[in-house]
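I opened this one to look through its aromatic residues and a few of their neighbours. Notes are in the order I looked things up.

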Amino acid sequence: LNAGQNLLTNGSGTDDTPTGWTVIAGGGDGWSRSSGGGFDSEGGYFITSYGTCSRSQTIDLLAKGATAAELDAAPPLRVSEAISMNFNRSIADSYYIRVELRDAAGGVIARWDAGTSAAMKTATPAWVVESHEFRDYGPGVRSIYFEDGGIDGGFWAGVYGTWHDAATVSFLNNPVTGITLTPAGFPSNVPAGGLAGQLRAVDEDNPVHTFTLEPEITTGTETLLTASSTDWRSLPTNS
């Protein structure tokens, strides 16, 4: 797994919608694309129309190079998309996003929604980033389903609906760094369970960690000088 790699194809509108996406609905005049501007540094973003427009991508994680063992460890996963609308419009447009983590048979293991196709969220002229992190979802994930859509609330002919840009699906498996154990001051006869030190780790992805401390056991050898039943004799001189 490559941390930070966007697993979606054409999420920022560098190409027209058919590249990487399956169009579910192309209401009104269908999906369109602006080649300039947008939320991120990549030129382009997608625009919906006066009928409901929706599309999807299914990401085959094994085909992307992940192994079953890596996926079964349930690495944290972030999904996001930037949404806006035409700032010259006084009537708000609507949108939704749906992401599903699926097993090999297509069953849904975990799901996140920002609005739904039946109850969409209201867009604003300012870009809003919808984002979610999947964690502790368990083993079995083999694919990710990403779906989004929107509609022009004013129902104008043409493409004056929601703007969609910077759609991203990426794993957050950055390594933990800066692991330190700082000893605490405690007496030699500290009772069992007393504070011995504070363990810290630096991790950009996850603030919660579990550590297993394994004591280092040093073994030595003993030399038997004499058996306990041996008779002793002493020589009380200075030699």
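I started with Trp21, which is buried at a relative accessible area of 5%. I'm working from a predicted model here.

Next I searched the whole structure for aromatic pairs and got six. In one of them, the ring centres of Trp21 and Phe146 are 6.0 Å apart and the planes sit at 65°, so I logged the pair as edge-to-face. Trp21 is in the segment before strand 1 and Phe146 is in strand 10, so this pair ties together parts 125 residues apart in sequence. I checked Phe146 too: it's buried, with a relative accessible area of 0%.

Then I looked at Tyr45 and Trp163, whose ring centres are 4.8 Å apart with planes at 35°, so that pair is tilted. Tyr45 belongs to strand 3 and Trp163 to strand 11, so here the parts tied together are 118 residues apart in sequence. Both Tyr45 and Trp163 are buried.

Last stop was His164, in strand 11. I noted His164 as buried, with a relative accessible area of 0%. Its side chain makes a polar contact of 3.4 Å with the side chain of Asp148.

Methods. Residues numbered from 1 in each chain as written. Predicted model: local features only at pLDDT ≥ 70, side-chain atom pairs only at ≥ 80, totals over all residues. Heavy atoms only, no water. Helix = DSSP H or I, 4+ residues; strand = E, 2+ residues; numbered from the N terminus. Buried < 20%, exposed > 50% of the residue type's maximum accessible area, 1.4 Å probe, protein only. Polar contact = N/O pair within 3.5 Å; in protein donor to acceptor, adjacent residues only side chain to side chain. Phe/Tyr/Trp six-rings, centres within 6.5 Å; stacked < 30°, edge-to-face > 60°.
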